[in-house]
Amino acid sequence: MTDRRPLDDVRDLRRWPSDPGQFVDTTRCPACFSPLYSSRCIECGLDLGGPESPELLAASTRVYEAEAARQQLITRVRETQAARESRRASTAATIAATAVAAAASRAPSVAVPEVAPDVTSPAPAAAEAPARPAPEVQTPTPAPPAPPAPPAATPQPAPTAPRRSGVQVLLLTLGVVLISVAAIVFLLVAYLVASLEVRSVIIAGASLLVLGVAWLLRARRLPGTAEGVASVAVVLLLVDVWIVRANGLFGSGSLNASAFTGIAFAIIGGVLAATRVASGLRVPGFAASALAPSAAFLLGYAIDPETATGAWLGGLAALLVGAAAVAVAPRSPERTIMLSAGFAGGVASLAAAFWALPDVPWGESWTFLAVAAGCLLVVIAIRIARADVAPEWGPAAAIGVGIAATLAPSVGVAAELDQGLAIWLAPASAGAVAVVAAGIVRAGGRLHTEARAAFIASAAVAAVAAVPGLFVGLAAVAWRLLASIAPWQVGPDERVVSHPHDLDLGTMLVPFIVAAGAAAVLLILGSLRRFAAIPIAGVMAGLLVVGSITPGAAGPAATFVTAAAGGLALASTRARTWIPGLVPTVGLFGMGAAGLAVTTAYSNATVWPWAIAAVIATTIAGRMLAPRVWAAGAAPGLGTAHLVVAMILAAVATFTIPSWFDATGTPLAAPWDFPLDVARHGGRGTARGCRAHAAPFRRRSDRPVRARPARGDDRGGGLGVRWVRDAAVAPRRPGDGGHRDRVASAAPDARARDVGRGHPAAARAVVRTRARQHSGGAAVDPRSGGGGAARGRPRFGRDRAR
């Protein structure tokens, strides 16, 4: 008995009785179940003289009845458990006795003592664990005990299948071979002694007789021998078909070979199928399942033999037979054979669809649509099949649907329209089919797996349809690069690509069509943000193709510069954080666009100045935006790379100045017409200018260096700076002797003033020569400077003081 004393009142003692009968015992306290000597319990102090006492007794009675029912239920559960264990032990004993008897029958020379188990007696475990008796309950009306469960019937052991030894298999194989040889000999004898019709009838009768023998052997429980004899019957039937056709019997010569063979295969297949159903032989069923689709293919091919149309029709017929077999036939190897043959017919029909119906307008589209419809019927048949089909067949048929449905519009466009339209309409139509397939995948449903397989196949075909246009665009980019090898040779409206004019617009549109199709598919599938770099790459590639095909050099250069700057601007926005692969994509295409801009500008002198300046500015902008575009670890290195590229471009621009002057008709005086001299003199002049500008910031001890530069630098730098200032850019005036004359007349003065600082003797010689030219050969005082004898005094010392 369990006590429960609440904390709020120490006198509130409550117990649970060990015997449920105490709930209805009026001689005990209903709270602590102690004996009562009055209406008030001396143990817990409960007073039962109140008006609630009858209600408390009724509640105690209900608890007692519920507990009694619970105990009875436990008793029945234990009785059922004991009966079940007894039946299990009896079954095990029976199986053991049967196994011992079978072993004794297989080996009679060995004495095996048989133990006869007492199947009627319960198992020892069950006997040792009797049902637990229910507690004694004081009740006025006890419930009757439950009747015992009847003993279950002992199941009989299933008969074991007979096992064949190697000798039996060898004898069976040998018998089949001998029967086949006898049948062949019989055919040869019948062919020699009987007429043609009689020979065929005899062979057909012999084939049916062999089938009957196989049936009889099956009934006599010789299945292996029966299957071997049935295979001989199948061979005889096929030989009979060949003999009838070879001899032209029964009017078979009026039919073509395909039609006759198809009809014969259909008849033999029907006979063999009936034999399979009636006798249960498997070999006739296998042969019938192989002959049925073959007959369908041959009958379809006979409509237009020796053409692609016949092969297309035959393949469709075999495909439909496979679909029908899947829908109505039970699950069996025969159904698998017919379905495989149907798939083979579908492949043949798909391969011949392009050449079928050559005289029908848009025949290619209709043929591919027919193949797609046949594959769709196979998918539906697999879904409504009587028995489950292997899960690989449905997606395989769906792949055929996707390929044929996507090829239908694209192949039709390529065959019926001219090249200018077909080059972009073919991928556009194929992309539209792929978008529809993506929508079906997004919709879901029971055909979700098949729809996904069809979409993958459709997307692959659409990508292949865009390959011709992309290839022509790549060739256009290559032609643009080749046109820039020779500088300043491309005219303002010159066309540099080699493909026909009618392909220009279509080639420009193909990359943008690919980008639009990819964006639509990704948007439908909900993956646009994750794979947004793909359509962006398509747009960038389209800009490169547009710039390569555009005639001249100004338009292409502007397009390339725009693509490079746009890619840089896009990479510097926040889109780089939520579009994976954006920065590498636009970086790759942006560098390609910048390179094409430089090479394109190099092919035209008018475009070169502003194009190279724009590319250098874009490169410098890339250096400035590097911390924003790239990661913190890569930004310094990539920024330095941008700066190095900008310096290289500036050096290239410097080296091209002489050739650019020649191309534009603005010549330079020697030695500035050589890029190497330009680089040498210009570099010295630049170095001297830098030192001169930095002189005010030097210490006082460095001032003499600033006041008197080195002679080598004075000769090189002064010559370069003043010569360019006084001679190289001298304006052309009407009536002058030409730009070269002005350069020639101005250069000696500059050379006299500048070279004289370091070499007075050389300067006097130069001035003397120049003065002799102006004075008609008269001697001139060389100390008069560059102005001749009129000036009358040398200026070298004053120049040196400066």
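Me: Why does Trp-362 count as partly exposed?

Reply: The relative accessibility of Trp-362 is 35%, and buried means under 20% relative accessible area, exposed over 50% and partly exposed in between (1.4 Å probe, protein chains only), so Trp-362 counts as partly exposed. This is a predicted model, in which local features need pLDDT of at least 70 and side-chain atom pairs count only at pLDDT 80 or more, whereas totals for chains, interfaces and linings use all residues. Residues are numbered from 1 along each chain as its sequence is written, and side-chain values use heavy atoms, with hydrogens and water left out.

Me: Where is Trp-362, and what is its phi?

Reply: Trp-362 is found in the loop between H9 and H10, where helices (H or I, at least four residues) and strands (E, at least two) are DSSP runs, numbered from the N terminus. Although Trp-362 is not a glycine, its phi is positive, at about 55°.

Me: What makes Glu-306 exposed?

Reply: Its relative accessible area of 75% puts Glu-306 in the exposed class. Glu-306 lies in the loop between H7 and H8, and its phi is positive, about 60°, although Glu-306 is not a glycine.

Me: What makes H7 roughly antiparallel to H8?

Reply: Helix H7 (residues 282–301) and H8 pack at an angle of about 150°, with their axes 7 Å apart, the axes being lines fitted to C-alpha atoms, for helices over the stretch in contact, and the angles running from 0 to 180 degrees between N-to-C directions. Angles under 35 degrees count as roughly parallel, over 145 as roughly antiparallel, 65 to 115 as roughly perpendicular and the rest as oblique, so H7 is roughly antiparallel to H8. The crossing of H7 and H8 is right-handed, a term that applies if the near helix is turned clockwise from the far one by less than a right angle, left-handed being the anticlockwise case.

Me: Which classes of residue make up the contact of H7 with H8?

Reply: The contact of H7 with H8 has ten nonpolar, four polar and no charged residues, where Ala, Val, Leu, Ile, Met, Phe, Trp, Tyr, Cys and Pro count as nonpolar, Asp, Glu, Lys and Arg as charged, and the others, Gly among them, as polar.

Me: Why are H14 and H16 called oblique?

Reply: The axes of helix H14 (residues 467–483) and helix H16 (residues 533–549) come within 8 Å and cross at roughly 55°, and H14 and H16 are therefore oblique to each other. Their crossing is left-handed. On the H14 side the contact (heavy atoms within 4.5 Å) is made by Gly-473, Ala-476, Val-477 and Arg-480, and on the H16 side by Leu-544, Val-545, Gly-547, Ser-548 and Ile-549.

Me: Which residues of the largest nonpolar core touch the most other members?

Reply: Among the 27 residues of this core, they are Trp-312, Val-326, Leu-339, Val-371, Val-378 and Val-389; such a core is a set of buried Ala, Val, Leu, Ile, Met, Phe, Trp, Tyr and Cys residues joined through side-chain atoms within 4.5 Å. H10 gives the most to this core, with eight residues.

Me: How do you know that Met-624 is exposed?

Reply: Its relative accessibility is 63%, so Met-624 counts as exposed, and Met-624 lies in helix H20 (residues 608–629).
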